[in-house]
Amino acid sequence: MGSLFRSEEMTNVQLYIPREIAQQTVAELGELGLIQFRDLNPDVNAFQRTFVNEIRRLDDMERKLRFLHGQIQKAEIPIKTSAVSSSARARTQQEIDDLEERLTDHESRIQQMITSQETLNKRFLELTELRHVLKETTIFFEEADARSDLPSAPYQEDAHLLESEATEEGRGVSRGANLGFVAGVVPRARMGTFERILFRALRGNLYMNYAEIDESIRDPITDELVQKNVFIIFAHGKELLAKIRKICESLGATLYPVDDNSEKRRQDAQEVHARIEDLRHVLDNTTYTRRSELIKVAETIEIWSTMIKKEKAVYYTLNQFNYDQNRKTLIAEGWCPTASQAQIRYALRNVTEATGSTIPPIMSEWRTTKTPPTFHRTNKFTQAFQEIVDAYGIASYREVNPGLFTVITFPFLFAVMFGDLGHGFLMTLAAGAMVYFERRIGSTKLDEISETFFGGRYIILLMGVFSMYTGLIYNDIFSKSMNLFGSGWEFHTDNSTGKSVGVHKFAYAFGVDPGWHGAENALLFSNSYKMKMAIVFGVTHMVFGTSLNIFNHLHFQRPMNILAETVPQILYLVSIFGYLVFMILFKWASTWENAEPPGLLNVLIYMFLSPGTVTTPLFPGQGPLQVFLLLLAFVCVPWMLLAKPYMLRYEHFKHIDEGYTNLSHENLVDPSPSFEGDRSAGQSPSTTAHEEMNHEEVTGGDQEHFDFSEIMIHQVIHTIEFCLNGISNTASYLRLWALSLAHAQLSEVLWDMVMQNCLVMAPGMGVFGPLVIVVGFGFWFSLTIFVLLIMEGLSAFLHALRLHWVEFQNKFYEGAGKKFEPFSFKAILAEE
């Protein structure tokens, strides 16, 4: 049984599935989500696979669903979603046929309604425009008749046109036969261009009048509201009128026939009005019927979509199997957790019983030299921590997983940099709210940033809790101290300097003594304390990471590597940096009442420059001890450099002498055509996985490719890198001190510059004093949230991430594995 400490054991399985129950079997395995199938047809084109016709059919059904979904959204109809839709099971072939028929029926009806509605809307548009044309032209002719009845009028260039029009309309003079007019509507945005082109094309031989339509007209094609104008143009001769019509058509104007008789125009207007009312009634009925149809579809469209996605995933998976034509059987291969084989067999048995098949699916184990995928079982609490590790690299198969330790070390190192009781409480409060309402929040659609914060809610919760703890250690709450147990310092005034001097009486019960807060040398104390604390935590973290190599070597049966690599690495770190940690703790534990404490940095420097010489010893025998530790560190360097290559060389020649040179190639026999030469009858999955993960281990692999010079170069690089990283990584942990100090100072500056000033100003402001405090508190609290919690919190998060990825994980973590990605409906639906 696997755990978070190490990935689960995986088994390579082979399935023999009868053709008639293949779809039901794969669907059941998709609901279970415990098998990662291999593609056994990598060289076959996607269009030449067995179930390509079924996939095309499902693609067409998806197209129909997208069409219906778009129409539902366009009609602004809410889509019913429920837990049933996400858990909708895959259906039988008969149910898929029925669903296809229903989708086709819905699509055809909706298409007919859309086509009918577009035709009706187009006709409604034409009648609406004609109504406005008749209305405006009637008004124009009436005004023209009124002007022609005036006793006298000044001469105008277009007077003859108006007179001809008036004569034609009112008195029917014969010369009006040569005067004609064109009426219609044109988009208001094109009116200026329309006038200029007409004037230039006809050289001014026209008279045009227009009026704005007071209502917006909806275009049935684009479904947009358009502002339009009614126009009427008078000109002599059929040729000019024909030219006007062509210009109108080219500029998107719509022409309508208007009778020159006023009585006929009145009748036409009444008829148009009646037809508009009838058409509006028909349109309302069509819209209601279409909306009712879409509402009916919206109730089940999510379930249909889930069903089709599952079916499509089933057939995509079936296309990865080999099809045995003679036995009518599908052959599948894949990886599954060893502990989950019983669940898979139970699911296969359920399929056999549900379908009534006389031939059950058969699952068998198969040994292979391929490296299994890595699978860690996580829950909603540990998932986010595991994702932090996976972002660096997926763990190699069965190697120690840093995710288990990250659950504690990551929020703790964050809290060391972010330690403040008040800030930690606010962070815990926010994370606690997300945890308490996680079901409600998880069921809603979130944006990318909100989804990120919600996914890491348990990380934020632990970061807040640990920050509260370190805040108590630092005795810091919003840059203020708390005197919970009484200060261990007594202060009296020095008459010579006039300053208060503290005398230490007893140790404070928990954390930093509040007497340090506000003292002149508080920053010096805080600097020294936090710097040394960062070194202690850093060296401990690195030594722990290096020691985890022991578990890897023991699991993969590499005891040689423990002696050749891990032991000298630990001794190297302990002899230099572990000794520094010891001196820090020893110095803290000593009183130094009658002596000046030595500077530890100078002690460490002179340990290398003048071995055995100690100016101010911490303890008796310090000089000889330093010489011994220095010699031990120097011995560890060639130990790391030479031990492993020569041990590998010895093992190589030993195997040659015993006659095992070509054994690995002779054992790699391919017993089945469905595997590309990846079978091995003589090796276990864990052994072969170990050999692939550690290519430098040549004891069980390709002996004739052993290259001592290549191994030696690799070991030189590895040794130099480790020795230099020991110094740089230790210095890197000083970021714990730097960010902790910066956070505390920024918090103190924010309080002094904002809240403290408001509290000082308020007593002198009279009745406005409370208002000043309220406004100042709001400003201070906002800056605390956005600057100290969000920005500083993000900075501390990234630095803690760096410490885990670079300083901790590179000591033991290879991260060269492949993630276990089983065929799972839950994962497929979550990606949508």
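User: How much space lies in the second largest pocket?

Analyst: This is a predicted model, where local features need pLDDT of at least 70, side-chain atom pairs count only at pLDDT 80 or more, and totals for chains, interfaces and linings use all residues. Residues are numbered from 1 along each chain as its sequence is written, and side-chain values use heavy atoms, with hydrogens and water left out. On a 1 Å grid over the protein atoms alone, a pocket is an open set of points with protein on both sides within 12 Å along at least five of seven lines; a cavity is a set where a 1.4 Å probe fits but cannot get out; lining residues have an atom within 4 Å of a point. Volume is the space filled by probe spheres set on the points, joined across faces, edges and corners; for the second largest pocket that gives about 1,400 Å³.

User: Which element gives the most to the lining of that pocket?

Analyst: The lining has 33 residues, with Trp-489 and His-504 among those nearest the centre. Helices (H or I, at least four residues) and strands (E, at least two) are DSSP runs, numbered from the N terminus. Strands S12 and S13 and helices H17 and H19 each supply at least two lining residues. The top contributor, with five residues, is H17.

User: What is the volume of the largest cavity?

Analyst: The whole structure holds one cavity of 30 Å³ or more. Its lining includes Glu-54, Arg-57 and Tyr-315. H2 gives the largest share of that lining, three residues. The volume is about 40 Å³.
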